Amino acid sequence: MKYIPFIFFVVLSYVSFSQNFKTGNWKGEIQLPDTLLKVELRVWDQKDTTIRAVLVEPTSTILYDSCFYGYEFNMKAPDSFLIQRNENAKKKELKQKKKSRLYSIVELSGSLDQNKNQLNGKLTLDEKVFQVTLFRDSVPIFRPQEPKMPYPYFSEDVRFRNPIDSVILSGTLTIPAKEGKFPAVILQSGSTPLTRDGDSNHHKPNLVLADFLTRNGIAVLRYDSRGVGRSSGNFFKSTPLDLSGDLLTGREFLVSRKEIITDKIGIIGHSEGGMVATMAASQTSDINLIVMLGAPGLRLRKVFEDQQYLRFEDGEFSVKKYELYKKIDEKLYELVDKTIESKAIRDSLMQFKDQLYHLMADTIPLNSSKRQNIETNGEFLLSLKATPHNVFNLSVNPADYIENVTCPVLSLGGSLDRLVSSKENQEAIKEALIKGGNKDFQIIELEGLNHSFQECETGTIKETMKIEQTFSPKALEIITNWILNHVDEQK
């Protein structure tokens with residue numbers, strides 16, 4: 001989302017090969033007259049002449065709107081770089097006539113010191129240029145489950161079009177490298193728009209899951225969410241029902257492929273994606289199975305309320321912030337229940353902006369130049385709550401769709417899920433399936449797993465980022481075996 005900085009992607013391209021930029025963080029600070037501006041570059045991976053990285057700071061404060069089109073790092077020499085806003089993003093904004101950022105020019109340039117542990121450069125924000133020095137963090141990001149090329153299967157970049165609203169979905173299809181036709185699944189991410197790999201919290205769960213499934217004989221289609229990567233559309237202006245149409249279009253694309261068994265195509269949906277999967281399956285009998293991972297079964301309004309409390313309980317929110325967020329949500333629910341459209345809801349929520357500004361500013365003086373960024377970020381939070389996507393979710397009950405699912409269903413939950421409580425939501429899913437007369441389903445709670453299906457100790461978001469494991473091997477085995485067993489039964 002707009003206020004989660006770690007999902008803004010960047011690509012670095014070398015003029016010549018170099019192994020100087022290793023995985024890990026590069027951090028620095030710029031002393032301004034009344035505040036300290038942090039700069040952080042996080043490098044995730046280096047493959048030959050390409051580095052995948054993310055500009056964590058000051059992205060969250062200098063960018064006005066969603067930046068899913070990313071950044072391009074153009075290497076001027078093996079040890080120097082220039083980071084600029086993506087030209088495609090600029091063109092798209094111009095075409096849409098959107099005033100989308102506080103600054104029209106954002107650049108970071110520099111070069112490596114001789115010891116390779118220091119970057120000397122400058123940050124440009126419009127006409128202002130700041131000197132900055134970044135130092136390599138000693139702790140690398142290690143993700144042992146991420147597959148490395150060459151893969152032992154076929155991997156192909158693909159595109160397909162949702163004819164209902166002309167959205168183009170760009171993704172990757174992986175197919176086992178052997179003769180014959182194969183069952184297939186489509187991966188659906190949750191309430192945060194993600195790339196096809198599911199990049200989140202410094203992990204790529206969709207890539208890991210797709211790799212495991214394909215190695216075990218199951219073809220996998222995964223794609224960039226609307227408005228992310230190379231997919232068109234706008235995620236936040238789309239409802240989950242719109243996204244279910246993307247899944248159905250993805251199924252039609254798979255049917256057109258000669259490598260796929262057309263009556264053995266399923267969906268794996270994580271979190272909100274599990275609900276989107278049931279929406280798709282409730283519209284057609286052509287979805288042959290569903291795997292729901294950490295999916296909601298209760299009304300989403302109740303799920304969101306529980307999330308807020310758990311984040312407060314985990315220390316992410318102060319008492320003041322928790323109480324203010326509750327007050328904002330109460331007003332939001334009142335407006336949604338009156339079926340007011342999104343723009344009117346947003347305008348009404350702005351009554352809380354001064355309270356929110358003060359809360360976010362904390363000890364920052366009201367006359368500080370940093371105040372402007374805080375006010376902008378405060379409006380983001382209120383605007384996000386009033387998007388068509390969120391407004392739809394505040395009125396929906398997943399059970400209404402789950403009851404109409406007739407295909408086999410596997411629902412997995414983690415006992416330490418702090419975002420979608422496993423016990424309550426799994427029970428609600430079970431009740432809805434029984435009520436709808438579904439005879440072929442399995443509900444499993446996995447001990448010690450969080451919302452991301454990692455083995456963990458607390459289940460908090462902060463812990464998720466630090467865990468090296470991306471996806472529990474036990475969960476991967478259960479998902480794969482369940483799918484293979486069901487497609488064998490359908491022969």
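**Ground rules.** I worked from a predicted model, in which local features need pLDDT of at least 70 and side-chain atom pairs count only at pLDDT 80 or more, while totals for chains, interfaces and linings use all residues. Residues are numbered from 1 along each chain as its sequence is written, and side-chain values use heavy atoms, with hydrogens and water left out.

**Helices α7 and α8.** I looked up helix α7 (residues 319-337) and helix α8 (residues 342-349), whose axes come within 10 Å and cross at roughly 150°; the axes are lines fitted to C-alpha atoms over the stretch in contact, with angles from 0 to 180 degrees between N-to-C directions. Helices are DSSP runs of H or I with at least four residues, and strands are runs of E with at least two. The crossing angle therefore makes α7 roughly antiparallel to α8, a label for angles over 145 degrees. I noted that the contact (heavy atoms within 4.5 Å) is made by I328, K331, L332, L335 and V336 of α7 and by I345, S348 and L349 of α8.

**T278.** I found T278 in helix α5 (residues 272-281), buried with a relative accessible area of 1%, where buried means under 20% with a 1.4 Å probe and protein chains only. Leaving aside neighbours within four places in sequence, T278 is in contact with I290, M292, Y401, I402 and V405.

**N162.** I placed N162 in strand β10 (residues 153-162), and N162 is buried, also with a relative accessible area of 1%. Not counting residues up to four places away in sequence, N162 touches V167, L169, R226, D242, G245, D246 and T249.

Note on methods
Angles under 35 degrees count as roughly parallel, over 145 as roughly antiparallel, 65 to 115 as roughly perpendicular and the rest as oblique. Buried means under 20% relative accessible area, exposed over 50%, partly exposed in between (1.4 Å probe, protein chains only).
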